[in-house]
Structures are given as structure tokens and as C-alpha cells.
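This report describes one protein chain for a reader who has not seen it before. The sequence and the structure are shown first, and the description follows.

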Amino acid sequence: MGDWSFLTNHARVLLCIAHDPGVRLRDIAARVGIAERSAYGIITDLAEAGYLVKQKDGRRNRYQIQAHLPLPDSASRARNIGEVLALLAVAGEEATA
């Protein structure tokens, strides 16, 4: 089977941040399997779209997901980001158990 995923890198970055809001950019990149520059671009995309708030915490960043916002996909607007992240987080925990 080819090297692909059902989730976009944007969704995978959000999952990393949901798991650890203080996660470092290099750790996000390593977990998702992308370059740090790509991770930075994704975080910028998410922040500009309003799904993520980035705050400085000393020398590091702390992220806050705006879980109440609807999914950007017009077919899925009945769900919000928080509901989807919660579902995926539970599925990920079950897969590792």
C-alpha cells in the first residue's frame, strides 16, 4: 500500500497541539513527518484562519485551539473542530492500547 493518510497534515498538526499545547515546532514536524518549515506554514495557516491562537510563553510558544469553530469543509459544518479532535484523540488512544 502506498504512503498516504486519511488525515491532512493540518489535521495531524492540530492533533499534536491538542495532545500538548506547549509542543515545540520541531516536535510537531517530527511527529507529523514533515519539515519544520512546513509545520510553521501549517501553524500560520491555522492561526490566520482563526483555528489556532499562538501565545509566547517565555522562549516557547503555547497554542490554543479554538475548538468551537466549525470545520472548514462545507459538507461538515455541523461539527466543530473540538468534536472531531476529541473523536480522533480517543481513536488514537484505543489504537495504542
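## Overall layout

Read from the N terminus, the elements of the chain follow the order α-α-α-β-β-α. That gives 4 helices and 2 strands. The model is predicted.

The chain has 97 residues, and 23% of them are buried. Its accessible surface is about 6,700 Å², with 52% of that belonging to carbon and sulfur atoms. Of the contacts with a separation of 6 or more, 32% are between residues 24 or more positions apart.

## Confidence

The mean pLDDT of the chain is 86, and 87% of the residues reach 70 or more. Among the elements, helix 3, residues 36-48, has the highest mean pLDDT at 97, while helix 4 has the lowest at 72.

Trp4 sits in the segment before helix 1, which spans 9-19. Together with Phe6 and Leu7, Trp4 forms a nonpolar patch on the surface, and the three have about 390 Å² of accessible area together.

Which residues of helix 1 are buried? They are Val13, Leu14, Cys16 and Ile17. Seen down the axis of helix 1, these buried residues fall within an arc of 155 degrees, so they line one face of the helix. In general, an α-helix has 3.6 residues a turn, so residues three or four places apart point the same way.

## The salt bridge

How many salt bridges does the structure hold? There is 1. The partners are Arg24 and Asp27, whose closest N and O atoms are 3.0 Å apart. Side chains of opposite charge can pair when their charged atoms come close.

Both partners fall between the limits for buried and exposed, which are under 20% and over 50% relative accessible area. Arg24 counts as partly exposed because its relative accessibility is 36%. Asp27 is also partly exposed, at 23% relative accessibility.

## Ala39 in helix 3

Ala39 is part of helix 3. Is this residue buried or exposed? Ala39 has 0% relative accessibility and therefore counts as buried.

Leaving out residues up to four places away in sequence, Ala39 touches Leu25, Ile28, Ala29 and Ile34. For one of these, Ala29, the C-alpha atom is 5.5 Å from that of Ala39, with the two residues 10 apart in sequence.

Where is Gln66? Gln66 lies in the loop that runs between strand 2 (60-65) and helix 4 (81-96). Its relative accessibility is 17%, so Gln66 counts as buried; the limit for that class is under 20%.

When neighbours within four places in sequence are left aside, the contacts of Gln66 are Gly50, Tyr51, Leu52, Val53 and Ile81.

## Val84 in helix 4

Val84 is placed in helix 4, the element with the lowest mean pLDDT, 72. At 25% relative accessibility, Val84 counts as partly exposed.

Which residues does Val84 touch, not counting those up to four places away in sequence? They are Leu71 and Arg79. Ala67 and Val84 are 17 residues apart along the chain, and their C-alpha atoms are separated by 9.1 Å.

Conventions. Residues numbered from 1 in each chain as written. Predicted model: local features only at pLDDT ≥ 70, side-chain atom pairs only at ≥ 80, totals over all residues. Heavy atoms only, no water. Buried < 20%, exposed > 50% of the residue type's maximum accessible area, 1.4 Å probe, protein only. Contact = heavy atoms within 4.5 Å. Areas by Shrake-Rupley, 256 points an atom, 1.4 Å probe, with all protein chains shown as cover. Patch = residues over 30% accessible without salt bridge, like charges linked within 9 Å, V, L, I, M, F, W, Y side chains within 5 Å. Salt bridge = Lys/Arg side-chain N within 4 Å of Asp/Glu carboxyl O. pLDDT = per-residue confidence, 0-100. Arc of directions from axis to C-beta.
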